[in-house]
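Here is a short briefing for a first look at this structure. Keep the model in view while you read.

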Amino acid sequence: MVGVSVSQGFGQAPATRPAPVGQPLLSLALAAMMDEVQAHSGAVYLLAPGEPVLEMAVMAGLPRAFAAPWERVGLSAPIPVAEAARERRLIWVSGEEQMAGRYPRVAVVLPYPFALAALPVATGNTVYGAVFVTWPGSHPPELSDRERGQLTAACDRLALRLERAAAAHHPVHPEPDLLGPATGANVSGTLGTVEAAQMVARLPYGLCALDLHGRVNYANEATAELLDVPVSGLLGTQLWASVRWLNDPVYEDRYRAALLSQHVTSFVALRPPGDWLSFRLYPSTNGLSVRISRARAVSEMRRTDPGDSDDTRPGLVTISHVLSLASALTEAASVQDVVQLVADEIAPAVGSQALVVLGTQAGRLHVLGHRGYPDAHVVERFDGLPLDAQTPGTQTLNTGVPAFFDSREQLERLYPSRHTTPDGMEAWAYLPLIASGRPVGVCVLAYTERHPFPADERAVLTSLGGLIAQALARALLYDAKLRLAHGLQAALLPHSLPSVPSIEAAARYLPATQGMDIGGDFYDLVLSQGRAAAVIGDVQGHNVTAAGLMGQIRTAVRAYTTVGQPPEEVMRSTNRLLIDLGSELFASCLYLRLEPARGVAVMARAGHPPPLLRRPDGKVRVLDLAGGPLLGIDAEATYPTTEVPLGPGSVLALYTDGLIESPGVDIEDAIARLGRRLAEYGDQPLDVLADSLVQQEDAAAQERPDDVALLLLRARG
């Protein structure tokens with residue numbers, strides 16, 4: 001047996017593994033507990049050896065498939081049984097709305113009316129596991145004192161037995177699940193068996209019996225005729241498996257809803273080519289009875305007068321649909337991605353015609369995005385509302401409780417101020433967006449017509465709100481990091497270029513589209529004591545470390561230029577600095593001193609792509625300069641200089657490799673392509689030329705794996 005000492009936290013107590021002895025301890029305890037409080041299902045969990053994990057040891061009343069996602073759950077999981085063990089207290093969930101609000105992961109899979117209590121199985125200093133039991137949705141909204149006392153006492157007794165088993169080194173193993181007695185077709189010995197069978201056979205509608213697993217164990221001939229499957233083909237199978245046109249998760253969902261809620265459920269299905277059949281499911285604790293009849297009148301009524309039936313509303317999203325939406329939400333990166341996905345996927349699925357996503361900052365509501373409203377001003381008036389304002393949005397955010405308004409009259413009765421702010425809608429669902437226990441916003445789904453919100457739809461919508469909240473929380477963090485990256489990059493690059501006599505300059509920077517949108521590319525134009533110099537470089541990497549090192553290099557270059565070092569010394573000093581900093585990153589760099597009076601530029605290069613020179617006649621030359629290794633490799637490296645003529649009208653293009661590198665393209669071909677664009681557009685104003693060069697490159701690749709820096713210098717006469 002595995003125990004947990006409170007003084008040491010959750011962990012493994014010493015245990016051995018002899019064969020189990022004695023009666024089935026867990027099954028008997030669970031059955032007695034359920035009988036005392038008239039619960040219709042339950043399960044016992046034990047802590048896994050050496051792991052902070054609860055494992056289901058036995059389940060009773062319902063097939064284990066109902067709780068399949070939670071057969072193993074971490075102690076930190078946001079579900080009732082884990083919370084009960086973690087906090088050592090009874091957890092009570094009164095129904096589907098409360099389940100959807102507090103435990104959306106459970107409500108997504110089981111959006112049915114049922115009540116649940118979860119309790120720890122613990123002694124004074126050791127937690128051994130936890131228990132949950134459930135009741136039909138008809139259970140009163142509060143757990144009675146009698147039920148609370150009986151459940152607590154039963155769990156205490158079980159904990160003492162587990163403690164004794166652990167002390168005796170008798171490990172407790174999982175036990176077979178307990179299901180109610182099957183309702184078989186063999187009822188020999190029962191009074192009136194023959195008469196009952198004859199009576200059922202004479203009925204004009206189908207009758208069949210399903211066990212707790214949904215398998216057919218009795219069917220009359222009318223059932224076989226209506227389903228067009230012989231009785232022998234039905235017995236022992238599940239209806240949705242043996243009847244091809246019932247193979248839809250929606251129909252299996254009705255079976256699950258009936259068993260878990262212990263409420264009568266029904267659905268209508270189309271038997272090809274055009275016959276509608278009505279199925280009505282009557283549950284009990286040992287199975288279901290199903291009545292099948294023709295429903296042509298119902299289908300005809302729907303075709304002729306859809307306004308009289310609630311079934312004309314868009315169907316409630318199924319579990320598979322919810323899981324698909326959850327998968328789609330994981331792909332949303334930014335806040336606007338989340339808003340667009342909700343508009344494209346979730347709103348149509350639930351029949352909504354408009355939506356607003358509200359966030360909160362500095363004690364006020366903010367409109368993060370909206371769709372479906374013809375007049376944007378109708379929505380934007382809510383932007384900046386204080387959180388203490390009496391509006392449905394602020395109330396939902398402050399309380400964490402969803403609000404549903406079937407009609408405008410209902411909304412205006414509770415919030416009279418809405419009389420003066422009509423938005424053209426007739427029904428609303430306000431869903432709190434709560435991620436990790438923290439409210440991050442509100443999603444408002446609006447409907448153009450009155451829209452009743454039955455309990456099952458409210459539960460599904462609230463669960464969807466939980467999924468949206470998780471996506472929104474990630475997106476808000478992503479957007480915050482993106483703003484931080486852009487702000488840091490902007491702070492490290494020059495805000496503007498100085499005016500240099502006889503030299504016109506223009507620069508552009510594009511961040512990479514992968515990673516943090518921040519990189520190590522940099523440029524600068526320095527004017528100090530009549531001396532002008534230009535530099536461009538690229539520190540490897542696209543992260544904060546690369547950006548920080550880039551800022552240090554740029555500052556060093558400016559300092560060495562200011563004290564009057566020649567180009568080769570500026571490069572050597574910067575190289576030694578980079579090595580002294582102990583960084584594991586390298587950097588390429590191109591530095592040049594401008595001498596417009598002599599009509600030349602003196603250049604030094606450290607492993608950087610060669611600059612391009614466009615002469616006044618329009619011809620472009622690749623300047624294959626002598627140079628040294630990358631900065632940060634060799635402390636003794638030297639960087640020879642080259643003097644390049646820079647007559648009036650000449651354009652010098654300095655760039656980083658992000659402008660030219662493309663997968664599958666030779667580097668020399670890429671440089672030649674850039675040279676052709678420089679020759680073609682070189683007579684344009686320098687800012688227009690800079691835009692032309694980076695925009696054409698940007699259009700050639702939708703994704704930029706590397707950031708791009710470009711510095712253009714034109715000599716004036």
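Start with Glu-595: leaving aside neighbours within four places in sequence, it is in contact with Val-600 and Val-602. The model is predicted. The points below cover that residue, then the cores, a hairpin and the cavities.

**Around Glu-595**
- Glu-595 lies in strand 20, which covers residues 587-595.
- Is Glu-595 buried or exposed? Glu-595 counts as buried because its relative accessible area is 16%, and the cut-off for buried is under 20%.
- The side chain of Glu-595 makes a polar contact of 2.9 Å with the side chain of Arg-593.
- Another polar contact, of 2.2 Å, joins the side chains of Glu-595 and Arg-598.

**Nonpolar cores**
- The largest nonpolar core holds 64 residues.
- The residues with the most contacts inside this core are Tyr-45, Trp-70, Leu-227, Leu-239, Leu-246 and Phe-279.
- Which element gives this core its largest share? That is helix 10 (residues 249-261), with 6 residues.
- A second, separate core has 51 residues, including Ala-534, Ala-547, Leu-585 and Leu-652.
- Not counting residues up to four places away in sequence, Tyr-45 touches a list of residues; among them are Leu-54, Met-56, Trp-70, Val-81, Tyr-128 and Phe-132.
- Glu-55, Glu-71 and Gly-129 are also among the residues that Tyr-45 touches.

**A hairpin**
- Strand 12 (residues 354-361) pairs with strand 13 (residues 364-371).
- The pairing is antiparallel and runs over 7 bridges.
- Strand 12 and strand 13 form a hairpin, with 2 residues between them.
- In the turn, Ala-362 has a positive phi of about 55 degrees.

**Cavities**
- How many cavities of 30 Å³ or more are there? The count is 4.
- The largest cavity has a volume of about 200 Å³.
- This largest cavity is lined by 18 residues.
- Closest to the centre of the largest cavity are Ala-67, Trp-70, Leu-110, Leu-116 and Phe-132.
- The elements that give two or more residues to the lining of the largest cavity are strand 1 (41-47), helix 2 (80-87), strand 5 (114-122) and strand 6 (127-136).

**Where topics meet**
- Trp-70 is one of the residues with the most contacts inside the largest core, and Trp-70 is also among those closest to the centre of the largest cavity.
- Phe-132 is touched by Tyr-45, and Phe-132 also lines the largest cavity.

Conventions:
Residues are numbered from 1 along each chain as its sequence is written. This is a predicted model: local features need pLDDT of at least 70, side-chain atom pairs count only at pLDDT 80 or more; totals for chains, interfaces and linings use all residues. Side-chain values use heavy atoms; hydrogens and water are left out. Helices (H or I, at least four residues) and strands (E, at least two) are DSSP runs, numbered from the N terminus. Buried means under 20% relative accessible area, exposed over 50%, partly exposed in between (1.4 Å probe, protein chains only). A polar contact is a pair of N or O atoms within 3.5 Å; within protein, one must be able to donate a hydrogen and the other to accept it, and residues adjacent in sequence count only if both atoms are side-chain atoms. Contact means heavy atoms within 4.5 Å. A nonpolar core is a set of buried Ala, Val, Leu, Ile, Met, Phe, Trp, Tyr and Cys residues joined through side-chain atoms within 4.5 Å. Two strands pair if DSSP finds at least two bridges between them. On a 1 Å grid over the protein atoms alone, a cavity is a set of points where a 1.4 Å probe fits but cannot get out, and a pocket is an open set with protein on both sides within 12 Å along at least five of seven lines; lining residues have an atom within 4 Å of a point. Grid points are joined across faces, edges and corners, and a volume is the space filled by probe spheres set on the points.
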